[in-house]
Amino acid sequence: MKKFSYYILLVVVCYFAYIVISLSLVPPVSDLADRKFSMTIQVKDWQGEYHPFVVGPPNRYWTPSGRIPPEMKWAVILAEDSNFYTHEGFDVKAIKNAIKYDLEKKSLKRGASTITQQAAKNLFLSREKTITRKLKEIYLAWRMEQELSKGRIIELYLNVVELGPMVYGIGNGAHYYFGKPASALTPRECAFLAAMLPGPRVAYNPYKNLGKVLRRSNMILRLLRQKGVLSEGEYQAALAQQPNIAGMQRKVDKSIATPPVFTAPSSARNEPAEPPADAAQEKAPEGESAPSGESPAGGAPPAASEDAGQEKK
């Protein structure tokens, strides 16, 4: 029995040693604090192929925090992670509920990932659904919270999220769906893009499940009104607006049928770089603690609905 216990202990020690070593190979989280910093990661297209993707100002669709509408930031926070401004990278209560749910369902369907965890996963980790990845994700999220402001974290997150076939980042998403920069998005359009985040490929693909996306975006608009980000008039105007995505189905079908041409994938690397001239002209706020548009009365954001963010791992 003692020998068996020794082997179990040895396996556990080796497992955690593997995690520590693999995390030591990840680029320093502190580098992300520099708004001029850039790095290249690998993203997957809808055919399952990986391609290099630049995170930072050299990316033509990169949108600094100051150019992202507050309605976009709050839409994502309220729908995906209502405790974003109070947790330190991970939500213990949400993790406990997710573990309980997964044990009951005998699956790994509910991940309880915070925005910080999702940013850590997108920047540093693979998409595999394993306990090892989740442990790495939690640690990296905690490190990001120590090194970065909340404003910087939401900026990074919104610039790497998937919103369509090889459509990554809010800047690319705004151009792809609405033909405009992210800074020109209306509240309805912000809620529409935020509604897609849990599953843009299938569950919340607007070309397959437009009604589902619109219902979720209505829920997000309601949260924005409750928080005080939108006035009653702005809320009613947003509800009345129908997102114009006419003709986009052909574009999606073509993207799926013919893989886009990219340069050959390369291993992830860090690249200190200067921002393009247009990005340098409008400097993002350095000490951002919450998006502008917060309710004058303050207080914690209301909790999102039950299905908000459940498909995220």
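The model is predicted, so local features need a pLDDT of at least 70 and side-chain atom pairs count only at pLDDT 80 or more, whereas totals for chains, interfaces and linings use all residues. Residues are numbered from 1 along each chain as its sequence is written, and side-chain values use heavy atoms, with hydrogens and water left out.

The protein averages a pLDDT (the predictor's confidence in each residue, from 0 to 100) of 79. A score of at least 70 is reached by 71% of the residues. Confidence is highest in helix α6 (residues 150-158), at a mean of 97, and lowest in helix α12 (residues 277-281), at 38. The pLDDT is below 50 over residues 260-289. Beyond near neighbours in sequence, that stretch has 59 contacts in the model, a contact meaning heavy atoms within 4.5 Å. Residues 292-311 also have a pLDDT below 50. Their contacts beyond near neighbours in sequence number 46. Where pLDDT is low, the predicted coordinates should not be read in detail.

The protein has twelve helices and five strands. These are DSSP runs numbered from the N terminus, with helices (H or I) of at least four residues and strands (E) of at least two. Of the 313 residues, 48% count as buried. Buried means under 20% relative accessible area, exposed over 50%, and partly exposed in between (1.4 Å probe, protein chains only). Among contacts between residues at least 6 apart in sequence, 71% join residues at least 24 apart.

The largest nonpolar core has 68 residues. Such a core is a set of buried Ala, Val, Leu, Ile, Met, Phe, Trp, Tyr and Cys residues joined through side-chain atoms within 4.5 Å. Met72 and Phe124 touch the most other members. Leaving aside residues up to four places away in sequence, Met72 touches Leu158, Ile170, Leu185, Cys190, Leu193 and Ala194.

Cys190, Leu193 and Ala194 are among the buried residues of helix α8. This helix (residues 187-196) is mostly covered, with nine of its ten residues buried. Arg188 and Glu189 are also among the buried residues. The buried residues of α8 pack against α2 (70-80), β3 (162-164), α7 (170-178), α9 and α10 (232-240).

Helix α9 (residues 210-227) contains Leu224. Leu224 counts as buried because its relative accessibility is 0%. Not counting residues up to four places away in sequence, Leu224 touches Glu71, Trp74, Ala75, Leu78, Val229 and Leu230. Leu224 and Met72 are 152 residues apart along the chain, yet their C-alpha atoms are separated by 9.9 Å.

Tyr139 lies in helix α5 (residues 131-147). At 39% relative accessibility, Tyr139 is partly exposed.

Met166 is found in the loop between β3 and β4 (167-168). Its phi is near 55°, a positive value in a residue other than glycine. Most residues other than glycine have a negative phi. Met166 is buried, with a relative accessible area of 14%.

The model has one cavity of 30 Å³ or more. On a 1 Å grid over the protein atoms alone, a cavity is a set of points where a 1.4 Å probe fits but cannot get out; lining residues have an atom within 4 Å of a point. Grid points are joined across faces, edges and corners, and a volume is the space filled by probe spheres set on the points. The largest cavity holds about 30 Å³ of space. Its lining consists of Asn59, Tyr61, Trp62, Asn159, Tyr168, Gly169, Gly171 and Asn172.

Notes:
On a 1 Å grid over the protein atoms alone, a cavity is a set of points where a 1.4 Å probe fits but cannot get out, and a pocket is an open set with protein on both sides within 12 Å along at least five of seven lines; lining residues have an atom within 4 Å of a point.
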